[in-house]
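The report that follows concerns the predicted model shown below.

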Amino acid sequence: MIFCDFVRMAEDTEKLCEGLRKENKSCFILGASGETGKELLKEIIKNRIFSKVTIIGRRKLTFEDEAYKDVIQEVVDFEKLDEYSSAFQGHDVGFCCLGTTKAKSGEAGFIRVDRDYVLKSAQLAKAGGCTHFNLESSKGANKCSSFLYLRVKGEVEAAIEQLDFDRYTIFRPAVLMCDREEYRLAERIFQKVLIPISYTFPTAFSVPLTTVVRAMVNNAVLNSDKKVEILENKAIHALGAAQEITKK
């Protein structure tokens, strides 16, 4: 996509943001304590595009910034999500950034969080009236993959598609470039290797975390006639760059 296309996209997005604000829509975020969810919440609050913002998680978060004073927090037990169905009711748009790692939670724990918790949350969101569900997945996600991580991501993508949301958006970022609070050795190594490569192939193997969340927010305000849309890493770069153009 050439520069003028970015500018046009940025201008259109600004107009659509204003339109969404007038619709008084609400959203929820799953996984707001993680790196993507935390940055996404920050971006949504900054842009003020939703009249009500709810975060759903296993513990209450503490915010010092006054900008977060109206954020609603729903604390749930993911092992008993059916008992917390009310937390998922009344939201127009849902963002799921929930996830863990095999190294942290073990194989069974990883599957339980990244597939079972995510799918059950999507089911409750659909029953609660959510019309646009956004899922943070991964580059290479494939339910037939021989790699556990990519297979689980592909399985949950496919299962949520069967729920038949009015609009379902899957984001498949490559390696996230960010400074995590949680130390992940393998990811740190990949990041260091990819830094010089990203200068030559900026959209191939990595993506800044801020670009991913900007893409999520920008996409939420765009009108789309696609019931299911899969945004691969290159598309995330393009969509996430739109807001950066408006600040130049």
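## The largest cavity

The lining of the largest cavity comprises five nonpolar, no polar and three charged residues. In this classification Ala, Val, Leu, Ile, Met, Phe, Trp, Tyr, Cys and Pro count as nonpolar, Asp, Glu, Lys and Arg as charged, and the others, Gly among them, as polar. The lining residues are Cys96, Leu98, Asp114, Val118, Leu135, Glu136, Lys153 and Val156. Helix H3 (102–127), S5 and H4 each contribute at least two residues to this lining. Helices (H or I, at least four residues) and strands (E, at least two) are DSSP runs, numbered from the N terminus.

The space in the largest cavity amounts to about 40 Å³, and the count of cavities of 30 Å³ or more is one. On a 1 Å grid over the protein atoms alone, a cavity is a set of points where a 1.4 Å probe fits but cannot get out, whereas a pocket is an open set with protein on both sides within 12 Å along at least five of seven lines; lining residues have an atom within 4 Å of a point. Grid points are joined across faces, edges and corners, and a volume is the space filled by probe spheres set on the points.

## Basis of the model

This is a predicted model, in which local features need pLDDT of at least 70 and side-chain atom pairs count only at pLDDT 80 or more, while totals for chains, interfaces and linings use all residues. Residues are numbered from 1 along each chain as its sequence is written, and side-chain values use heavy atoms, with hydrogens and water left out.

## The second largest pocket

The second largest pocket has a volume of about 270 Å³. It is lined by 16 residues, of which Lys25, Arg167, Ala220, Leu222 and Asn223 are the closest to its centre. By class, the lining consists of seven nonpolar, five polar and four charged residues.

Two helices, H1 (3–22) and H6 (209–221), each supply at least two residues of this lining. The greatest contribution, three residues, is that of H1.

Strand S6 (residues 167–171) is largely enclosed by the rest of the structure, because five of its five residues are buried. Buried means under 20% relative accessible area, exposed over 50%, and partly exposed in between (1.4 Å probe, protein chains only). Arg167, Thr169 and Phe171 point one way from S6, while Tyr168 and Ile170 point the other way.

S6 pairs in the parallel sense with strand S5 (residues 132–136) over five bridges, and asparagine 134 has threonine 169 as its bridge partner in S6. S6 also pairs in the parallel sense with strand S9 (residues 228–231), over four bridges; here tyrosine 168 stands opposite valine 228. Strands are taken to pair if DSSP finds at least two bridges between them. Together, S5, helix H4 (residues 148–161) and S6 form a right-handed β-α-β unit, that is, with the strands pointing away from the viewer, the path from the first strand over the helix to the second runs clockwise.

## The largest nonpolar core

The largest nonpolar core contains 33 residues, and those with the most contacts inside it are Ile29, Leu40, Leu41, Ile44, Phe50 and Phe95. The elements giving two or more residues to this core are H1, strand S1 (26–30), helix H2 (35–47), strand S2 (52–57), strand S4 (93–96), H6 and helix H7 (233–246). H6 provides the largest share, eight residues. A nonpolar core is a set of buried Ala, Val, Leu, Ile, Met, Phe, Trp, Tyr and Cys residues joined through side-chain atoms within 4.5 Å.

## Loop residues

Asparagine 24, in the loop between H1 and S1, has a positive phi near 55 degrees although it is a residue other than glycine. Its relative accessible area is 53%, so asparagine 24 is exposed. Aspartate 164, in the loop between H4 and S6, likewise is not a glycine and has a positive phi of about 65 degrees. With a relative accessible area of 45%, aspartate 164 is partly exposed.

Aspartate 225 belongs to the loop between H6 and S9 and counts as exposed at 77% relative accessibility. Its C-alpha atom is 9.9 Å from that of aspartate 166, although 59 residues separate the two in sequence. Glycine 34, in the loop between S1 and H2, counts as partly exposed at 28% relative accessibility. The C-alpha atoms of glycine 34 and leucine 98 are 7.6 Å apart, with the two residues 64 residues apart along the chain.
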